[in-house]
Structures are given as C-alpha cells and as structure tokens.
Amino acid sequence: MNIALYFARRYLFSKKSVNAINIISGISAVGVLVSSASLIVILSFYNGLENLIFSMYSAFTPELRIEPKEGKVFTADKQLFDAVKTDPRVAAYDEVLQERVLLRYDSGQYIATIKGVSADFIQHQQTDSVLREGRFVLERNGVYYAVMGAKVQGMLGISLEDPSRIIEVFSPRKGKINAVNPAEEFTMRTIRPSGVLTYQQEYDDLLIVPMAFAREVLSEYDQISAIEIDLAPGTDVAAVQRDLSSMLGVDFLVKNREQQNPTLYKIVRSEKWAVFFIIAFTGMIAIFNIVGSLTMLVIDKKQDISILMSLGAGNSLIRRIFFYEGMLIALIGCIMGLFLGLLFCLSQYYWGWIGIGNGENLITDAYPVDIRALDFLLVFATVFVVSALIAFISSRLSVRQTVRLS
C-alpha cells in the first residue's frame, strides 16, 4: 500500500469543515477543469473547420498529380502512362493542359490560368459541391464553354445571363517575336461562360475549358502539363504514390493533395496549434493555483507533519504526500474537464446549437466538430506534465519551509 497516496486521499476527501483551504483547492480543480474543457472544445472545433476546408479543397483537387520535374509540359509516353491508366487502383485519369493567359471581357482585362481538361473530367468531379452559379458545361452542340473561378468573374464583371457576351482569351504565339503587327504575336480565341465556381483560393483564378480549345489557344497540340489521378475508395494513397514515383522515375513528380498545396495545409494546422498553445498557457496559470493550495495545506497540517516525523517518517515521505495531493487536484479537474468538453462537443455535433451566421453562401449553418482521441491524450498529457512539475516544486518548497520553522 502506498502510504503517501493514502494520506493524500485522506486529506483531499476526508470530511472537514469548510475553510480557506477547501475553497482554494476547489478553485484549483475548477481552474484545471475549465482549461481542460476549453482545450478539448477548441481542438475539436478546429478539427471540424480543418475537415471542412480540406473537403472543399479535395472536391476539386486530385488525390495524386503527376508533373514534370523540369519544365511546364511533357509528352505522355503511351506505353508508360497506359500502365498507370489501367492500374486497378486508379479510378480516374485526366490529362490537363495549364498556362497563364490574358482574358478580356467587354472593357475589362485579367490574367488568369486556363485549364484544358478532357471530356471525362466532369464525370470524375463533384461539380455540384463547387459550383456557385450556372452549370458545369464545357461543350454542347459543337460550341465550347468555360467554367470560371469566382475571382475571374468578379474582376471582369462577367454575366451568365447575357448569352451574347463572350470571353476573349489571348496567349503568346510560339515563334512570333517583335512582329510588325503586335496582334500577330498572340493567339486569340473566344469562348462563352457557362458557370462560376465557389469562392476558393485554389481555383479563383481558373478558367476551365475543353482540352481542344486550350490546345488551340496555347498552340500546344502534343504535350500536356499534368496528369490528375483519383483512386478507388479505400486505396492507400501513399502506397500508390510510392509505386508511381518508382515507375515513372526521376523525371516526374508525383504529388499528393498536401504536396500540391503545402501552404494551405501549413496555415490551417499552424493556426490550430497556435490557439492550442495560447489556451494551454492560460491553463498553466490556472494550474499554478495548486501552489497556493499545497502551501496552505502544509501549514494547516503542520501538527500532522510533526507527528508523522516523530513516528519515523522522513522528508521524502512528507513531500510525496503533498505531491500526490497536488496531482489528485489537477487530475480530478482534468478528467472532469475532458468529460464536460466531450459532452459539449457531442451536443454541438448532434444538434449544432452554435451557428456560424445567416449568410446565403455559407457552406454550413453550424460550427463543424471533429472529436479525436489523440486530442484527449494530448490535453491529459499536457495537464499531467505541468501539474507534476508544479506539484513537485511546490511540495518540496512548502515542506522544507514548514520543517525549518518547526
């Protein structure tokens, strides 16, 4: 039997009259409770927002993207890439051609990124989730159409309700430099707008067009910019990425979603951990109340300490008693805080009683929540380590001072 833990439990749970020590101990436990619950709630809410942002990004971003290691375009070797296309783990295989172009609509001009896609592209995309206005149509009755990013529409003031208006697309003509007529240096084609994508940084500047139209504008009839791949459900993305990298060799880069946009992932995750450390710091301040609790308790139990020492107890045993006392206060508050935080997050998950706002373009009405077991372990470990350090230092100093005064 652990004698030190026995005495610590007796001091904490024994019936005694309400005094300043009880109040200070209660305040210490409540402080740890609130900080623990806050950490769980904040982390769960940020997990939900992270999932929401990544799901929006993933709706229009391939799981894997093959790009040339050097240069902007490459020739897709038929035999090599047919092996990739026929891989049973590959559910969608799309060749794309991208380049910066100048757009002109009415009197407005804007530099955007044209993205030529194959006819199967629409079948592989969740167009309903990314379309804000119009329809996702790229070709109808031999007429080419374009789906644009929200920023392109906003900068040019493009209206989908006027079928007579067209977008002029300009691209530098290959091999034409310092021509007598400047217009001969550019290839110009026109296309009609059909839809507008939702506001999302990754495709605000896009103009999605049929591959044939992009090849005409860019004068690029053989090569492509990238190959976008989506995998069958349940496929190990990392394993396929390794296999494709080995198959294609050093001349190609195979990027997963995070590697395609590392800035987005870094920003979202860094914000989450920045908030975690801020809340954790305020929680440490609450845990410091344990110092006052242990100091007052040591003074209150001065007579008990003298009796124990007369019975042969050493300073080490006395210090362990009050160390365990501080740890019990912190861990009880932490466990209760984790439980309350879990209840709060579950209520938000099922009932969504905390709303984001009343905007018409909002993707969700309530704050999303994602409860993860690792967050609970992280919060518990943080409180445990900080509490152990504070309780250890406080118990040593308090007992040393009391024994010296005795």
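**Figure 1. The lining of the largest cavity divides into six nonpolar, three polar and no charged residues.** In this classing, Ala, Val, Leu, Ile, Met, Phe, Trp, Tyr, Cys and Pro count as nonpolar, Asp, Glu, Lys and Arg as charged, and the others, Gly among them, as polar. The model is predicted: local features need pLDDT of at least 70, side-chain atom pairs count only at pLDDT 80 or more, and totals for chains, interfaces and linings use all residues. Residues are numbered from 1 along each chain as its sequence is written, and side-chain values use heavy atoms, with hydrogens and water left out. The largest cavity has a volume of about 60 Å³. The structure holds one cavity of 30 Å³ or more. A cavity is a set of points, on a 1 Å grid over the protein atoms alone, where a 1.4 Å probe fits but cannot get out. Grid points are joined across faces, edges and corners, and a volume is the space filled by probe spheres set on the points. Ser35, Leu39, Ala280, Gly283, Met284, Ile287, Thr382, Val383 and Val386 line the largest cavity, each with an atom within 4 Å of a point. H2, H10 and H14 each give two or more residues to this lining. H10 gives the most, with four residues.

**Figure 2. The largest nonpolar core has 25 residues.** Such a core is a set of buried Ala, Val, Leu, Ile, Met, Phe, Trp, Tyr and Cys residues joined through side-chain atoms within 4.5 Å. Buried means under 20% relative accessible area, exposed over 50%, and partly exposed in between (1.4 Å probe, protein chains only). Ile40, Ile287, Leu338, Val379 and Val383 touch the most other members. Two or more residues each come from helix H2 (20-58), helix H10 (262-287), helix H11 (289-300), helix H13 (315-351) and helix H14 (373-405). H14 gives the most to this core, with seven residues. Helices (H or I, at least four residues) and strands (E, at least two) are DSSP runs, numbered from the N terminus. Not counting residues up to four places away in sequence, Leu338 touches Ser36, Ile40, Phe376, Val379 and Phe380. A second, separate core has 24 residues, including Tyr105, Met148, Ile158 and Phe213.

**Figure 3. The largest pocket holds about 650 Å³ of space.** A pocket is an open set of grid points with protein on both sides within 12 Å along at least five of seven lines. Its lining has 24 residues, and Arg65, Gln98, Thr113, Glu202 and Leu206 lie nearest its centre. Strand E1 (64-68), strand E2 (90-105), strand E3 (108-117) and strand E10 (226-231) each give two or more residues to the lining. By class, there are seven nonpolar, seven polar and 10 charged lining residues.

**Figure 4. Tyr203 lies in the loop between strand E8 (186-197) and strand E9 (206-210).** Tyr203 counts as buried because its relative accessible area is 2%. Contact means heavy atoms within 4.5 Å. Leaving aside neighbours within four places in sequence, Tyr203 is in contact with Met56, Phe60, Val130, Gly149, Leu197 and Thr198. Tyr203 and Tyr57 are 146 residues apart in sequence and 9.2 Å apart in space, C-alpha to C-alpha.

**Figure 5. Ser219 and Glu220 lie in the loop between H7 and E10.** Helix H7 spans residues 211-218. Phi of Ser219 is near 55 degrees, a positive value in a residue other than glycine. Glu220 is buried, with a relative accessible area of 11%. Leaving aside neighbours within four places in sequence, Glu220 is in contact with Val73, Leu97, Lys174 and Arg215.

**Figure 6. Asp106 lies in the loop between E2 and E3.** Asp106 is exposed because its relative accessible area is 60%. Phi of Asp106 is near 60 degrees, a positive value in a residue other than glycine.

**Figure 7. Cys334 and Cys345 are buried.** Cys334 has 0% relative accessibility, and Cys345 has 1%. The chain has zero disulfides, counted as pairs of cysteine sulfur atoms within 2.5 Å.
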